[in-house]
Amino acid sequence: MPRPPSSPTAPPRSFRWTRRIVLTFLSAFALLPVYVMLSSSLKPLQDVSGKFQWIPSGFTIRPYIDIWDTVPLARYFLNSLVVAGAATVLSVVIAVFAAYAVSRYRFRGRRVFTVTVLSTQMFPGILFLLPLFLIFVNIGNTTGIALYGSRGGLILTYLTFSLPFSIWMLIGYFDSIPRDLDEAAMVDGCGALGALFRIVVPAAVPGIVAVAVYAFMTAWGEVLFASVMTNDTTRTLSVGLQSYATQNDVYWNQVMAASLVVSVPVVAGFLLLQRYLVAGLTAGAVK
C-alpha cells in the first residue's frame, strides 16, 4: 500500500529522529542514577564496596530490612513527615489569606508588600542561618520556649522559605479568577470569607496544590538548616541518612535502600498531583 502523505504541519523527518535521540539520551541520563541506586541497594555490602558491576551477580533484600535497625530511620521519617506536613499546611493556609487580600483589595503598602515578598527569593538561604539561630536561642533563653532543636523551630524556619513564594504564586493565580464570581457570591449573601472558601478556593485548587507540593518538597529534602536546627531527637531524614556512615565503614547498600524508601512519598505525591501541579504553575505564572 502506498504510504499516506504526511501532514503539511508535521515536523520534518530529520527533526523527529533528532528529537528521539535527544529524548533517549536525556531519559538514560535521568534513569541511570536510579538504576545504580536500585542495583546497589540489592547487593551485599562487600559487593557494593568493591568494583561496580552493572549486572549484579546476586540480589538480597537484607539492606531494606537492616536500614530500620542500623539507625532510627522510623523516627527520622516521623520527624520529616511532621515537619514537612505542618510547614505545608501553614504555608497553604497563610498564603491563601494573604494572596486573597492582595489580589482582591487595594490598600496602602500593597505594592511594597508584594515587592518585599518577591525580593526575599533573591537571597541565598545560608544568609538566614545565623540570624535564625541567634533568634531561636535568644527566644529560648528569654521566654523558655525551646525553638532551637525542636520541630516547631524547624517548621518556622521552613516557613521563611516556602511562604513568600507561595504568597506570590497564589496572588498570580487569584488574579486570573474573575472578580465577578466574588461579587456574585456576595450578592447571594456571602461575606468576604464565604466568597473565599466557597468560590475562590475551589476554583484555585490547582494553584493551591502546586503551592502545597512546593512547600512539602522544600521541607522534605532540606539539609543545611536541618543539620543545624535539630538534635538527635528531632533529626530529619535528610540529615539522618548521614548516620549510615560510621568511622569504620559506610553502609552503601543501606544508604541506597534508605534513599529509595524516603523518596517514595515525594515521588508518589508528585505523580498523583502532577496534573494539578502543571496547571497551577502555568496559571500562576501567566496572568
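Which backbone oxygen lies 2.3 Å from a polar atom of the side chain of T230? In this predicted model, the backbone oxygen is that of A226.

T230 is found in the loop that runs between helix 11 (224-229) and helix 12 (237-240). Its relative accessible area is 11%; because buried means under 20% relative accessible area, T230 counts as buried. When residues up to four places away in sequence are not counted, T230 touches G149, L154 and R235.

Leaving aside neighbours within four places in sequence, the contacts of S80 are G85, W220, T236 and L237.

Two packed helices are described by the angle between their axes and the distance between the axes. For helix 4 and helix 9 (residues 192-203), the angle is about 100° and the axes are 12 Å apart. Angles of 65 to 115 degrees count as roughly perpendicular, and helix 4 and helix 9 are therefore roughly perpendicular to each other. On the side of helix 4, the residues that meet helix 9 are V96, F97, Y100 and R104. Helix 9 contributes A192, L193, A195, L196, F197, V200 and V201 to this meeting.

**Aromatic rings**

The count of aromatic pairs comes to 10. One of them joins Y100 and Y105, with 6.2 Å from centre to centre and 80° between the planes. Planes over 60 degrees apart count as edge-to-face, so the pair of Y100 and Y105 is edge-to-face. What is the relative accessibility of Y100, and is Y100 buried or exposed? Y100 has 6% relative accessibility and therefore counts as buried. Y105, at 38% relative accessibility, counts as partly exposed.

Ring pairs also link F77, F216 and W220 into a cluster. At another ring, that of W17, a charged residue is found: R20 lies over the face of W17, at 4.9 Å from the ring centre.

| Residue | Relative accessibility | Class |
|---|---|---|
| Y100 | 6% | buried |
| T230 | 11% | buried |
| Y105 | 38% | partly exposed |

Terms used
Residues numbered from 1 in each chain as written. Predicted model: local features only at pLDDT ≥ 70, side-chain atom pairs only at ≥ 80, totals over all residues. Heavy atoms only, no water. Phe/Tyr/Trp six-rings, centres within 6.5 Å; stacked < 30°, edge-to-face > 60°. Buried < 20%, exposed > 50% of the residue type's maximum accessible area, 1.4 Å probe, protein only. Lys NZ or Arg CZ within 6 Å of the ring centre and 35° of its normal. Helix = DSSP H or I, 4+ residues; strand = E, 2+ residues; numbered from the N terminus. Polar contact = N/O pair within 3.5 Å; in protein donor to acceptor, adjacent residues only side chain to side chain. Contact = heavy atoms within 4.5 Å. Axes fitted to C-alpha atoms, helices over the stretch in contact; angles between N-to-C directions. Parallel < 35°, antiparallel > 145°, perpendicular 65-115°, else oblique.
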